[in-house]
Amino acid sequence: MGELIPTTQGKIPDITVGYQGSWIPLFEMTGQAPAPSKDFCQLLVTKDYVIWRWWKIALRNDRKIHPGEKRETHDDFIYDDLLQAEITRVFGKDAVEEVKRMAEGRVDWLSRLPKPVLLYLCSFLDIIDIAHMSSVCKLFYEMCNHDALWEHLYSRYSTAVSPETQELANEIGWKKLFFTNKLQVQVQIQRRRKKKLAL
């Protein structure tokens, strides 16, 4: 889940693509089970199901072992102690608790949106709202300080963005440029021009 999804050329993406219902993953973990089995496992939670998949690792090549899958509705998962124990063995108790919360309908939908969608939503906020939102959690802090968001805000509140301003923003960042007073921006642009002429 961790890394930032790049937007198209640093711009806020146009979010017009629809999704395919119940197969959108709300939560996904993959990893290798601890010894002695060392099986590869995947835990996937969708709108309707909790899906547990495993791939057995055999030391001998003569046995054909096929992958396995167990799919349960959210209600069934809440009462399935064996599946919960297996997930705990592989991914830990925190993963099981998170899946239980989702199965009970307690899902933080906003933080589960794809990052380009969050950037798009942030682009409609006022500056003070962005400041408040950035203090909610690490994800929102990352979104509210993203260069693409501040580029959008700069172009919203400024009359025009010259190529020189664009170069300066690429050097110092759009957020810093946004909060820099216009006179200081002009001074920095003049300095950049002089450096280019000197070269």
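These questions and answers walk through a predicted model, from its overall make-up to single residues.

The model is predicted: local features need pLDDT of at least 70, side-chain atom pairs count only at pLDDT 80 or more, and totals for chains, interfaces and linings use all residues. Residues are numbered from 1 along each chain as its sequence is written, and side-chain values use heavy atoms, without hydrogens and water.

Reader: In what order do the elements of the protein run from the N terminus on?
Author: Helices (H or I, at least four residues) and strands (E, at least two) are DSSP runs, numbered from the N terminus. The protein has 10 helices and 4 strands. From the N terminus on, the order is β-β-β-β-α-α-α-α-α-α-α-α-α-α.

Reader: Which element has the lowest mean pLDDT?
Author: pLDDT is the predictor's confidence in each residue, from 0 to 100. Its mean over the protein is 81, and 85% of residues reach 70 or more. Helix α2 (residues 81-91) has the highest mean among the elements, 95. The lowest, at 79, belongs to α10.

Reader: How many contacts beyond four places in sequence does the model have for residues 12-21?
Author: A contact means heavy atoms within 4.5 Å. Over residues 12-21, pLDDT stays under 50. For that stretch, the number of contacts beyond four places in sequence is 15.

Reader: Are α8 and α10 roughly parallel or roughly perpendicular?
Author: Two packed helices are described by the angle between their axes and the distance between the axes. Axes are lines fitted to C-alpha atoms, for helices over the stretch in contact, and angles run from 0 to 180 degrees between N-to-C directions. Helix α8 (residues 163-172) packs on α10 at about 95°, with the axes 10 Å apart. Under 35 degrees counts as roughly parallel, over 145 as roughly antiparallel, 65 to 115 as roughly perpendicular and the rest as oblique, so α8 and α10 are roughly perpendicular.

Reader: How many residues of the contact of α8 with α10 are charged?
Author: Ala, Val, Leu, Ile, Met, Phe, Trp, Tyr, Cys and Pro count as nonpolar, Asp, Glu, Lys and Arg as charged, and the others, Gly among them, as polar. The α8 side includes Glu164, Glu167 and Leu168, and the α10 side includes Arg192, Arg193 and Lys196. The contact holds 4 nonpolar and 2 polar residues; its charged residues number 6.

Reader: How do α2 and α3 lie to each other?
Author: The axes of α2 and helix α3 (residues 93-103) come within 7 Å and cross at roughly 135°. Residues that meet include Ile87 and Phe91 in α2, and Ala95 and Val96 in α3. The two helices are therefore oblique.

Reader: Is threonine 180 buried or exposed?
Author: Threonine 180 lies in the loop between α9 (174-179) and α10 (182-198). Its side chain reaches the backbone oxygen of lysine 176 at 2.5 Å. Buried means under 20% relative accessible area, exposed over 50%, partly exposed in between (1.4 Å probe, protein chains only). At 15%, threonine 180 is buried.

Reader: Which side chain makes a polar contact with the side chain of arginine 71?
Author: Arginine 71 is found in strand β4 (residues 68-73) and is partly exposed, at 38%. A polar contact is a pair of N or O atoms within 3.5 Å; within protein, one must be able to donate a hydrogen and the other to accept it, and residues adjacent in sequence count only if both atoms are side-chain atoms. At 2.5 Å, the partner is glutamate 69.
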